[in-house]
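Have the sequence and the 3D view open as you read.

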Amino acid sequence: VANSAIPADTADPSPKRSRINILRARHAGKTPEELQREAEVIAQLLADRLPSVSFERLLDQLELYVYVDGQDENVLKQSEDNEILKENNKAEVLNASKTKTRKKKKKTSRILPTILRSSVKDHMHLVAADMAEFLYVGIPELVREKDSASAAAEMGSKRKKDVHSFDDRMNTAWVEWTKTRDEVASAFMEVQHVMVAVENLWRKEAARRMEEANGDEEDGVESLFASLKIETEQQELIQNLQATIKRKGPHAIFDAMLLNDRFSTASTSVAADEANGSCAAQTDRTVLVDCLPIDVTESEIRELYCRCGPIESIRLFNLRPDLDPGPPSPAQLMKQRKKRRRAGAKQLKRRAERKRSPVYAMVTFESEEGCKVASIDQLRIFGMVIRRHPARSICAREATTLHLENIPKGLYSLDLEQKLSRALHPDMYIGLDVGQNDYAKPASCEIRFPNFEAAFRAYTVLEGLLSTLHENQATDEGPHCDLHWMKTPADSLGYWTRQLSFDV
């Protein structure tokens, strides 16, 4: 506060009393109406700029700030008593007086920055200049001259509502905040209008669908019956296909006995080497690959296994493109997943078992190195994943069993033993395994050989006989008799028709 503003008759040598007298003089020079108006203006300004908690806390502090009667005299008197006591016992009285004075100052502090810092904290800069003017706190003339906002307010060139502080930065920030607030409010209003429009469109669409559902209720019932009819026809078709694909009946087991050393690995004769050369070479260069996709192609197998070595030939078995309905749609896949989830414990048990598709292949490499790479332990145990199918590699030396399926009706086990022995004479004899029923009419059988060379020779001979049989067989006599290196799974029809797959 400037000392020139102190009246001569109110001067007081005490700096605290001088400040109080100045405040009283400046405050008493205004009429009650002016004081009331200024109080309302500053109260409205504080309420607008401060949070409610900070606003209430500041009001409590202002009550102590403007209270200048009685309590100050007590403070001064306490200070004089402290001066007398200091002479008698300086150490103890000094500590007591400091503690009491500190407590008094904490309760009756009249330092404006301290009040604002304790009450409004981070919002102090929003109200500091206005509070200083309201409470007669002097602002240096140099600051007032350089403050364009203050000068504009005094000259009246600015509207009162555009001036919020004596600091130009505060005024600029306030203008920017107001502009941003208006833009955000406009954006929210536009979003609200859009949401209302979308909700109206959604209600109209829901009403339209309800009308269509009510109007087409009869059509819905007809479509339901049509879908049930289609599903029933598909089930009947699958049952008929099952009967034409694989014949049910007893299963027989035969053992092959070699009648000479033509297919013996211990044979060293030149004639045996000439007759057995091709088979022995294929044994070390051939692997079987099981569990392939039902629509796999030779080029796909070649592209995957050519990384093991150059490939000489590839042969695919059990392909049935006539039963393949095509890749399932996403909706069909979702339906299959839901069906499997509903299966519960049965599905968990099925997943624990190793599934296998009916399609397999025989891959012959140009060298033994390629066969060794393709039959490493990782590919033999875990397999190569081909479109989610775990395709395992099986060495040719392990393939010593042939599976004859869909044997024509009317053949007894003894008849089948005689026909197989005649076909493979004079190299080997086919005999029924011990414990088998001689007069059973098997629908399928398996023939076990001592090695792959003998099995390969038998497969070559029997495949030629079966091809001739298929040419002479009528189409209405049932499924064709097939010869395979691997047994066709019982659920093969589910894979061929894509009712079962590894995609779900």
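## The β8–β10 pairing

Strands β8 (residues 401–405) and β10 (residues 444–448) run antiparallel, with 5 bridges joining them. If you want a spot to start from, go to Thr401: its bridge partner in β10 is Arg448. Keep in mind that what you're looking at is a predicted model.

## The five-stranded sheet

Zoom out from that pair and you'll see an open sheet of 5 strands, in the order β9-β1-β10-β8-β11. The pairing across this sheet is mixed. Out at the edges sit β9 (428–432) and β11 (482–484); each has a single partner strand, so one side of each is left without a neighbour in the sheet. On average, and ignoring direction, neighbouring strands here are turned by 25 degrees against each other.

Which helix packs on this sheet? That's α18 (residues 413–424), and the strands it touches are β1 (251–258), β8, β9 and β10. The direction of α18 makes about 170 degrees with that of β9.

## The four-stranded sheet

There's also an open sheet of 4 strands, ordered β3-β4-β2-β7, and its pairing is antiparallel. The edge strands are β3 (311–317) and β7 (393–395), each pairing on one side only. Neighbouring strands in this sheet are turned against each other by 25 degrees on average, again with direction ignored.

Inside the sheet, β2 (residues 286–292) and β4 (residues 359–365) run antiparallel and are joined by 5 bridges. To find your way along that pair, look for Val289, whose bridge partner in β4 is Ala361. Helix α13 (residues 298–305) packs on the sheet and touches β2, β3, β4 and β7. Its direction makes about 135 degrees with that of β3.

## Helix on helix: α6 and α7

Now for a helix pair. For α6 (residues 112–119) and α7 (residues 124–134), the angle is about 145 degrees and the axes are 11 Å apart. The crossing of α6 and α7 is right-handed.

Which residues make the contact? From α6 come Leu112, Pro113, Leu116 and Arg117, and they meet Met124, Val127, Ala128, Met131 and Ala132 of α7. Sorted by type, the residues of this contact come to 8 nonpolar and 1 charged, with no polar ones.

Technical notes. Residues numbered from 1 in each chain as written. Predicted model: local features only at pLDDT ≥ 70, side-chain atom pairs only at ≥ 80, totals over all residues. Heavy atoms only, no water. Pairing = 2+ DSSP bridges. Helix = DSSP H or I, 4+ residues; strand = E, 2+ residues; numbered from the N terminus. Axes fitted to C-alpha atoms, helices over the stretch in contact; angles between N-to-C directions. Contact = heavy atoms within 4.5 Å. Left-handed = near helix turned anticlockwise from the far one by under 90°. Nonpolar A, V, L, I, M, F, W, Y, C, P; charged D, E, K, R; others polar.
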